[in-house]
Amino acid sequence: MKLIKKGAEADIYQTMWQNSKAILKIRKVKNYRNPSLDAKIRKQRTIKESQMISNARTFGIPTPLVYFVNLKKSYIIMQEIPGTPVHDLSESKIIKFSKEIGNLVGKLHQNGIMHGDLTTSNFILFKNLVYVIDFGLSQNSIKPEDHAVDLRLIKEILNSAHAKIMKNAWKNFLLGYKSVVGDSYHTKIAKLVAEIESRGRYAEVV
Ligand SMILES: Nc1ncnc2c1ncn2[C@@H]1O[C@H](COP(=O)(O)OP(=O)(O)O)[C@@H](O)[C@H]1O
Ligand SMILES: [Mg+2]
């Protein structure tokens, strides 16, 4: 197995599953946690992630197929999406695909899912389709406040990782989001995002 990413929470390996290239995501033991609590958290996040990956696909979100889950060792084997993380695309493509990302986030919210970790590394472009990954922090939620937290995070990521194109990318994201959730829900969430910002945890950017 080839290690392709060492994360704070999980390690990602490339492996094979029945003759297909696959990804193994394993949640690591955290020694600073009480061992039984640690085992519980890793198990729960593994369950959540595998369920949400599959659940999202039922309403049309491109996600990797889940091939195998081991709860005891807290790993998931899933289809490898051999594309490019949106984070690594050219600036013009990031602007272009921001609309699609907005669309996908709108669809998640409409179906009662808060992703919880909306970064441009968690969207992979493959064959002109944008796949969503990394559902370990996702939650079932229809609360506008939770949806606003999702938007505030992706806005912050665009602002920090893609500062030069932030305005155009964010504008396109909102266009895509609005086209799915509708004008009035969009206005409501935009207001909540502004409220979060005015609390001063983050600098105002647009
Ligand atoms: N199914 C997959 N197909 C292709 N690449 C993947 C897949 N899952 C994860 N990766 C790669 O590994 C990275 C980290 O995986 P991710 O699930 O986002 O974990 P983390 O919680 O560490 O961000 C991703 O940004 C992506 O580059
Ligand atoms: Mg990630």
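Asp 38 touches Lys 28, Val 29, Lys 30 and Arg 33, leaving aside residues up to four places away in sequence; a contact here means heavy atoms within 4.5 Å. Asp 38 is found in helix 1, where helices (H or I, at least four residues) and strands (E, at least two) are DSSP runs numbered from the N terminus. With a relative accessible area of 1%, Asp 38 is buried. Buried means under 20% relative accessible area, exposed over 50%, and partly exposed in between, with a 1.4 Å probe and protein chains only.

The model is predicted, so local features need pLDDT of at least 70 and side-chain atom pairs count only at pLDDT 80 or more, while totals for chains, interfaces and linings use all residues. Residues are numbered from 1 along each chain as its sequence is written, chains are lettered from A and ligands numbered from 1 in the order in which they are written, and side-chain values use heavy atoms, with hydrogens and water left out.

The protein chain as a whole holds 5 helices and 10 strands. Its C-alpha atoms fill a box of roughly 45 × 40 × 30 Å along the principal axes. For 206 residues a compact globule would have a radius of gyration near 17 Å, and the chain has 17 Å, which agrees; the radius is taken over C-alpha atoms, and the globule rule is 2.2 Å times the number of residues to the power 0.38. Buried residues make up 47% of the 206 residues. Of the contacts with a separation of 6 or more, 61% are between residues 24 or more positions apart.

Helix 2 covers residues 91-110, and its 20 residues should span 28 Å at 1.5 Å a residue; the end C-alpha atoms are 28 Å apart, which agrees. The expected span is 1.5 Å times one less than the number of residues. A kink of about 30° is centred on Phe 97, the bend at a residue being the angle between axes fitted to the seven residues ending there and the seven starting there. Phe 97 is also among the buried residues of helix 2, which include Ile 94, Ile 101, Leu 104, Val 105, Leu 108 and His 109. An α-helix has 3.6 residues a turn, so residues three or four places apart point the same way. The cover over the buried residues of helix 2 includes helix 1 (35-58), helix 3 (144-161) and helix 4 (166-181), along with strands 7, 8 and 9. After helix 2 comes Gly 112, with a positive phi near 75°.

Strand 8 is joined to strand 9 by 4 bridges. Ile 124 stands opposite Tyr 131, and Phe 126 has Leu 129 as its bridge partner. The hairpin has 2 residues between the strands, and Lys 127 takes a positive phi near 50° there. Lys 127 is not a glycine, and at 72% relative accessibility Lys 127 counts as exposed. Asp 134, in the loop between strand 9 and strand 10 (139-140), likewise has a positive phi, near 65°.

Definitions and conventions:
Two strands pair if DSSP finds at least two bridges between them.
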